[in-house]
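Keep the viewer open as you read.

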Amino acid sequence: MAKPASPRSRQRRRMENFRKVHSEEAPVGSGDEGGGPGSGPFADLAPGAVHMRVKEGSKIRNLLAFATASMAQPATRTIVFSGCGRATTKTVTCAEILKRRLAGLHQVTRLRYRSVREVWQSLPPEPTPGQKPGEPAASLSVLKNVPSLAILLSKDSLDPRQPGYQPPIPHPGPSSQPAASTSKRSLGEPAAGEGSAKRSQPEPGAAEEDQTA
């Protein structure tokens with residue numbers, strides 16, 4: 001006896017006859033992200049903060065070019081990367097790359113859920129010979145809750161006691177390179193210039209052959 005189909009499989013079977021037309025973020029209230037840079041999970045940002053909205057189709061190269069140029073200006077102290085759904089991975093990537101390009105950035109991460117409205121349209125049936133155009137395609141609106149990520153990077157110091165805080169990434173100093181060369185010599189590898197100096201010395205029997213000649 002065949003098992004009854006689960007509600008999820010029945011819904012997937014019904015959606016096979018639909019295609020997604022577009023998706024958009026549902027309207028939010030005053031406490032959610034959706035306005036200028038002073039809105040969202042960081043409501044106390046300065047007016048000059050830069051807000052980067054990362055989408056699924058955004059190019060990381062273009063986002064970082066604008067973000068780097070903006071943060072290079074002395075007047076810009078804060079930048080926020082935000083994305084939801086499948087764009088959360090790109091949001092994290094942009095923030096991590098910018099932290100390595102610009103040293104000394106303090107970070108605060110906020111994770112929450114957002115409402116996204118998807119509009120689906122029914123697929124037209126395959127035409128048959130002599131069939132007249134039917135009614136327009138039916139549309140379906142689906143409201144989904146997806147994870148949303150917002151990452152704040154600031155040149156100024158932030159409160160380390162707030163949730164999601166990360167200190168600046170420590171950068172290695174100039175003394176790291178000599179230590180690496182010392183470790184190589186301890187393993188028996190010749191340092192730079194030692195091998196060439198040894199090769200330039202003549203072999204013991206070469207001088208005697210020249211004198212007898």
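## The main core

The largest nonpolar core has 17 residues, and M52, I79, F81, L98 and L153 have the most contacts inside it. A nonpolar core here is a set of buried Ala, Val, Leu, Ile, Met, Phe, Trp, Tyr and Cys residues joined through side-chain atoms within 4.5 Å. Buried means under 20% relative accessible area, exposed means over 50%, and partly exposed is in between, all with a 1.4 Å probe and protein chains only. At least two residues of this core come from each of β2 (50–53), α2, β3, α3 and β5. The biggest giver is α2, with 4 residues.

F81 is a handy place to look around from. Setting aside neighbours within four places in sequence, F81 is in contact with M52, V54, A67, T91, C94, A95, L98, L149, A150, I151 and L153. Contact means heavy atoms within 4.5 Å. There is also a second, separate core of 8 residues, with F42, A150, L152 and Y165 among them.

## Ground rules

This is a predicted model, where local features need pLDDT of at least 70 and side-chain atom pairs count only at pLDDT 80 or more, while totals for chains, interfaces and linings use all residues. Residues are numbered from 1 along each chain as its sequence is written, and side-chain values use heavy atoms, with hydrogens and water left out.

## The chain as a whole

The chain has 6 helices and 6 strands. In sequence order they follow the pattern α-β-β-α-β-α-β-β-β-α-α-α. Helices (H or I, at least four residues) and strands (E, at least two) are DSSP runs, numbered from the N terminus.

Of the 213 residues in the chain, buried ones make up 25%. Take the contacts between residues at least 6 apart in sequence: 80% of them join residues at least 24 apart.

Start with α2, which has 12 residues and reaches 16 Å from its first C-alpha to its last, close to the 16 Å expected at 1.5 Å a residue. The expected span is 1.5 Å times one less than the number of residues. L63, L64, A67, S70 and M71 are the buried residues of α2. Seen down the axis of α2, they fall within an arc of 130 degrees, so they line one face of the helix. That arc is taken over the directions from the helix axis to the C-beta atoms. The cover over the buried residues of α2 includes β2, β3, α3 and β5.

Now for α3 (residues 88–101): its 14 residues should span 20 Å, and the end C-alpha atoms are 20 Å apart, which agrees. Its buried residues are T88, T91, C94, A95, L98 and K99. These cover an arc of only 130 degrees around the axis, which puts them on the same side of α3. An α-helix has 3.6 residues a turn, so residues three or four places apart point the same way. T89 and R100 are exposed on the other side of α3. Covering the buried residues of α3 are elements including α2 (60–71), β3 (78–84), β4 (106–122), β5 (139–154) and β6 (165–166).

T78 sits in strand β3 and counts as buried, at 11% relative accessibility. Not counting residues up to four places away in sequence, T78 touches L45, A49, V50, M71, L152, L153 and S154.

Over in strand β4 you'll find T109, partly exposed with a relative accessible area of 23%. T109 and I151 are 42 residues apart in sequence, yet their C-alpha atoms are 4.6 Å apart. Beyond residues up to four places away in sequence, T109 touches L149, A150, I151, P163, G164 and Q166. Q121 is in strand β4 too, and its relative accessible area of 26% makes it partly exposed.

## The largest pocket

The largest pocket holds about 580 Å³ of space. On a 1 Å grid over the protein atoms alone, a pocket is an open set of points where a 1.4 Å probe fits, with protein on both sides within 12 Å along at least five of seven lines, and lining residues have an atom within 4 Å of a point. Grid points are joined across faces, edges and corners, and the volume is the space filled by probe spheres set on the points.

The lining has 21 residues, of which S23, E56, C84, G85 and V116 are the closest to the pocket's centre. β1 (18–25), β3, β4 and β5 each supply at least two lining residues, and β1 gives the most, with 4.
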